[in-house]
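Dear colleague,

I am handing over the structure below, and my notes on what was found in it follow directly after it. Please read them with the model open beside you.

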Amino acid sequence: MQHHGAPTRMLDFTKSPFVAAFFALERAVKNSAVFALDTPRLWMASPINNATLHRDMIDPRIEGNFERYFASNTNDMMWVGEPDQMDRRLVAQSGTFVVPGVLDKPIDEIIQQYETGPAMIRKFILPTSIRKEAMLALYRMNITHATLFPDLDGLSRSISYELEITWPGHVMAAKNNG
(Lines give C-alpha, C1' and ligand atoms only; values in the text may rest on other atoms or scores of the structure.)
Protein backbone atom coordinates (compact mmCIF):
# COMPACT_ATOMS: atom_id res chain seq x y z
CA MET A 1 0.00 0.00 0.00
CA GLN A 2 2.88 2.38 0.73
CA HIS A 3 3.94 2.09 -2.93
CA HIS A 4 0.57 3.58 -3.85
CA GLY A 5 0.72 6.39 -1.28
CA ALA A 6 -1.40 4.87 1.49
CA PRO A 7 -0.08 4.80 5.06
CA THR A 8 0.26 1.32 6.54
CA ARG A 9 2.02 -0.28 9.46
CA MET A 10 2.78 -3.41 7.42
CA LEU A 11 6.34 -3.96 6.31
CA ASP A 12 6.94 -5.90 3.11
CA PHE A 13 9.25 -8.89 3.17
CA THR A 14 9.87 -11.59 0.59
CA LYS A 15 10.72 -15.25 0.94
CA SER A 16 13.25 -14.90 -1.90
CA PRO A 17 16.72 -13.48 -1.28
CA PHE A 18 16.92 -12.72 -5.01
CA VAL A 19 13.73 -10.64 -4.97
CA ALA A 20 15.04 -8.84 -1.88
CA ALA A 21 18.31 -8.09 -3.68
CA PHE A 22 16.38 -6.78 -6.70
CA PHE A 23 14.40 -4.31 -4.58
CA ALA A 24 17.50 -3.26 -2.61
CA LEU A 25 19.58 -2.65 -5.75
CA GLU A 26 17.12 -1.47 -8.39
CA ARG A 27 17.53 2.24 -7.62
CA ALA A 28 20.59 2.12 -5.40
CA VAL A 29 23.02 5.02 -5.71
CA LYS A 30 24.89 4.09 -2.54
CA ASN A 31 25.26 0.93 -0.45
CA SER A 32 21.95 -0.77 0.25
CA ALA A 33 20.89 -3.56 2.57
CA VAL A 34 18.79 -6.70 2.70
CA PHE A 35 17.35 -7.84 6.02
CA ALA A 36 16.80 -11.55 6.60
CA LEU A 37 14.13 -12.43 9.13
CA ASP A 38 13.97 -15.92 10.63
CA THR A 39 10.21 -16.26 10.20
CA PRO A 40 9.93 -19.95 11.20
CA ARG A 41 11.47 -19.15 14.61
CA LEU A 42 9.35 -16.02 14.95
CA TRP A 43 6.18 -18.02 14.16
CA MET A 44 6.94 -20.30 17.11
CA ALA A 45 8.07 -17.56 19.50
CA SER A 46 6.28 -15.25 21.91
CA PRO A 47 7.64 -12.07 23.48
CA ILE A 48 9.65 -12.88 26.59
CA ASN A 49 7.55 -10.44 28.68
CA ASN A 50 4.17 -11.89 27.52
CA ALA A 51 4.11 -15.52 26.38
CA THR A 52 0.37 -15.32 25.60
CA LEU A 53 1.06 -13.11 22.57
CA HIS A 54 1.90 -15.96 20.21
CA ARG A 55 1.32 -15.74 16.45
CA ASP A 56 -2.09 -17.43 16.33
CA MET A 57 -3.41 -15.39 19.26
CA ILE A 58 -2.54 -11.98 17.74
CA ASP A 59 -3.37 -12.75 14.08
CA PRO A 60 -4.61 -9.36 12.77
CA ARG A 61 -6.71 -11.14 10.13
CA ILE A 62 -9.03 -12.36 12.91
CA GLU A 63 -11.88 -9.95 13.61
CA GLY A 64 -11.19 -7.72 16.60
CA ASN A 65 -7.51 -8.64 16.90
CA PHE A 66 -6.16 -5.52 15.23
CA GLU A 67 -8.01 -3.33 17.69
CA ARG A 68 -7.12 -5.61 20.62
CA TYR A 69 -3.38 -6.06 19.97
CA PHE A 70 -2.17 -3.44 17.49
CA ALA A 71 -4.25 -0.24 17.57
CA SER A 72 -3.24 0.60 21.15
CA ASN A 73 0.42 0.77 20.06
CA THR A 74 1.50 -0.77 23.40
CA ASN A 75 2.47 -4.38 22.61
CA ASP A 76 6.15 -4.99 21.84
CA MET A 77 5.42 -7.87 19.47
CA MET A 78 4.96 -8.57 15.80
CA TRP A 79 2.94 -10.81 13.55
CA VAL A 80 4.35 -12.31 10.35
CA GLY A 81 2.21 -13.75 7.60
CA GLU A 82 0.28 -13.36 4.38
CA PRO A 83 -3.10 -11.81 3.78
CA ASP A 84 -6.04 -14.15 3.22
CA GLN A 85 -6.10 -13.13 -0.43
CA MET A 86 -2.96 -12.74 -2.50
CA ASP A 87 -2.88 -10.52 -5.59
CA ARG A 88 -0.63 -11.14 -8.60
CA ARG A 89 2.15 -8.92 -7.30
CA LEU A 90 2.33 -10.61 -3.89
CA VAL A 91 2.46 -14.02 -5.55
CA ALA A 92 5.13 -12.93 -8.07
CA GLN A 93 7.22 -11.32 -5.32
CA SER A 94 6.85 -14.22 -2.84
CA GLY A 95 5.57 -11.56 -0.50
CA THR A 96 4.90 -11.72 3.20
CA PHE A 97 4.26 -9.02 5.78
CA VAL A 98 5.41 -8.05 9.24
CA VAL A 99 2.89 -6.17 11.36
CA PRO A 100 4.53 -4.58 14.41
CA GLY A 101 2.57 -4.01 17.59
CA VAL A 102 4.26 -0.64 18.14
CA LEU A 103 5.10 2.01 15.60
CA ASP A 104 7.67 3.99 17.55
CA LYS A 105 10.33 1.25 17.70
CA PRO A 106 12.41 -0.30 14.94
CA ILE A 107 11.87 -3.98 14.18
CA ASP A 108 15.28 -5.03 15.50
CA GLU A 109 14.35 -3.51 18.88
CA ILE A 110 10.98 -5.31 18.93
CA ILE A 111 12.70 -8.59 18.01
CA GLN A 112 14.88 -8.26 21.09
CA GLN A 113 11.69 -9.02 23.06
CA TYR A 114 11.80 -12.49 21.45
CA GLU A 115 15.48 -13.34 21.33
CA THR A 116 16.49 -16.46 23.16
CA GLY A 117 19.22 -17.74 20.82
CA PRO A 118 20.73 -16.81 17.47
CA ALA A 119 19.64 -13.50 15.99
CA MET A 120 16.19 -13.53 14.35
CA ILE A 121 17.13 -10.70 12.00
CA ARG A 122 20.34 -10.12 10.07
CA LYS A 123 21.45 -7.27 7.88
CA PHE A 124 23.42 -7.85 4.68
CA ILE A 125 25.09 -4.83 3.06
CA LEU A 126 25.10 -4.75 -0.74
CA PRO A 127 27.81 -2.39 -1.96
CA THR A 128 27.00 -0.11 -4.87
CA SER A 129 29.92 -1.64 -6.77
CA ILE A 130 27.94 -4.86 -7.35
CA ARG A 131 24.75 -3.17 -8.62
CA LYS A 132 25.33 -3.44 -12.37
CA GLU A 133 26.54 -7.06 -12.32
CA ALA A 134 23.91 -8.17 -9.78
CA MET A 135 21.01 -6.54 -11.64
CA LEU A 136 22.15 -8.20 -14.86
CA ALA A 137 22.37 -11.59 -13.08
CA LEU A 138 18.88 -11.08 -11.63
CA TYR A 139 17.61 -10.12 -15.08
CA ARG A 140 19.05 -13.37 -16.47
CA MET A 141 17.24 -15.24 -13.67
CA ASN A 142 14.01 -13.60 -14.88
CA ILE A 143 13.73 -11.40 -11.82
CA THR A 144 12.61 -8.22 -13.54
CA HIS A 145 10.05 -5.48 -13.18
CA ALA A 146 7.88 -7.37 -15.65
CA THR A 147 7.85 -10.57 -13.57
CA LEU A 148 7.60 -8.86 -10.16
CA PHE A 149 4.93 -6.39 -11.29
CA PRO A 150 2.84 -8.43 -13.76
CA ASP A 151 1.03 -5.46 -15.28
CA LEU A 152 1.66 -2.61 -17.71
CA ASP A 153 3.72 -0.64 -15.16
CA GLY A 154 6.08 -3.59 -14.68
CA LEU A 155 6.42 -4.18 -18.41
CA SER A 156 7.20 -0.50 -19.01
CA ARG A 157 9.90 -0.44 -16.31
CA SER A 158 11.38 -3.66 -17.67
CA ILE A 159 11.59 -2.23 -21.17
CA SER A 160 13.34 0.83 -19.75
CA TYR A 161 15.90 -1.39 -17.98
CA GLU A 162 16.45 -3.49 -21.11
CA LEU A 163 17.17 -0.35 -23.08
CA GLU A 164 19.49 0.87 -20.32
CA ILE A 165 21.64 -2.27 -20.53
CA THR A 166 21.37 -2.61 -24.32
CA TRP A 167 22.05 1.02 -25.22
CA PRO A 168 23.81 2.65 -22.25
CA GLY A 169 23.71 6.41 -22.45
CA HIS A 170 20.94 6.52 -25.06
CA VAL A 171 18.16 5.95 -22.51
CA MET A 172 19.17 8.91 -20.38
CA ALA A 173 19.38 11.08 -23.49
CA ALA A 174 15.89 9.93 -24.55
CA LYS A 175 14.50 10.57 -21.04
CA ASN A 176 16.02 14.04 -21.00
CA ASN A 177 14.57 14.85 -24.45
CA GLY A 178 11.04 13.71 -23.85
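**The sheet around E4**

Strand E1 (residues 11-14) is joined to E4 by 4 bridges, and the two run antiparallel; helices (H or I, at least four residues) and strands (E, at least two) are DSSP runs, numbered from the N terminus, and two strands pair if DSSP finds at least two bridges between them. Before going further, please keep in mind that this is a predicted model, in which local features need pLDDT of at least 70 and side-chain atom pairs count only at pLDDT 80 or more, while totals for chains, interfaces and linings use all residues. Residues are numbered from 1 along each chain as its sequence is written, and side-chain values use heavy atoms, with hydrogens and water left out.

On E4, strand E3 (residues 78-81) is likewise joined by 4 bridges and runs antiparallel to E4.

Trp-79, in turn, stands opposite Val-99 in E4.

In a regular strand the side chains alternate between the two faces of the sheet. For E4 both faces are covered, since Gly-95, Phe-97 and Val-99 on one side and Thr-96, Val-98 and Pro-100 on the other are all buried (buried means under 20% relative accessible area, exposed over 50%, and partly exposed in between, with a 1.4 Å probe and protein chains only). With 6 of the 6 residues of E4 (residues 95-100) buried, the strand is therefore largely enclosed by the rest of the structure.

**Helices H1 and H7**

Two packed helices are described by the angle between their axes and the distance between the axes. For helix H1 (residues 17-25) and helix H7 (residues 131-140), the angle is about 135° and the axes are 10 Å apart. H1 and H7 are therefore oblique to each other, given that angles under 35 degrees count as roughly parallel, over 145 as roughly antiparallel, 65 to 115 as roughly perpendicular and the rest as oblique. Phe-18, Ala-21, Phe-22 and Leu-25 of H1 make the contact with Arg-131, Ala-134, Met-135 and Leu-138 of H7, contact meaning heavy atoms within 4.5 Å. By class, this contact of H1 with H7 has 7 nonpolar, no polar and 1 charged residues (Ala, Val, Leu, Ile, Met, Phe, Trp, Tyr, Cys and Pro count as nonpolar, Asp, Glu, Lys and Arg as charged, and the others, Gly among them, as polar).

Arg-131, which lies in helix H7, counts as buried because its relative accessibility is 18%. Leaving aside its neighbours within four places in sequence, Arg-131 is in contact with Leu-25, Glu-26, Arg-27, Ala-28 and Glu-164. Glu-26 lies in the loop between H1 and strand E2 (32-37), and at 15% relative accessibility Glu-26 also counts as buried. Not counting residues up to four places away in sequence, Glu-26 touches Arg-131, Met-135 and His-145. Glu-26 and Ala-134 are 108 residues apart in sequence, yet 9.6 Å apart in space, C-alpha to C-alpha.

**Individual residues and totals**

Two asparagines have positive phi values: Asn-73, with phi near 60°, and Asn-142, with phi of about 70°. Asn-73 lies in the loop between helix H4 (65-70) and E3 and, at 28% relative accessibility, counts as partly exposed, whereas Asn-142 lies in the loop between H7 and helix H8 (145-148). Asp-56, in helix H3 (residues 55-58), counts as exposed at 55% relative accessibility.

For the protein as a whole, there are 10 helices and 5 strands, and of the 178 residues 35% count as buried. Among the contacts with a separation of 6 or more, residues 24 or more positions apart account for 66%.

With best wishes

Key: Axes fitted to C-alpha atoms, helices over the stretch in contact; angles between N-to-C directions.
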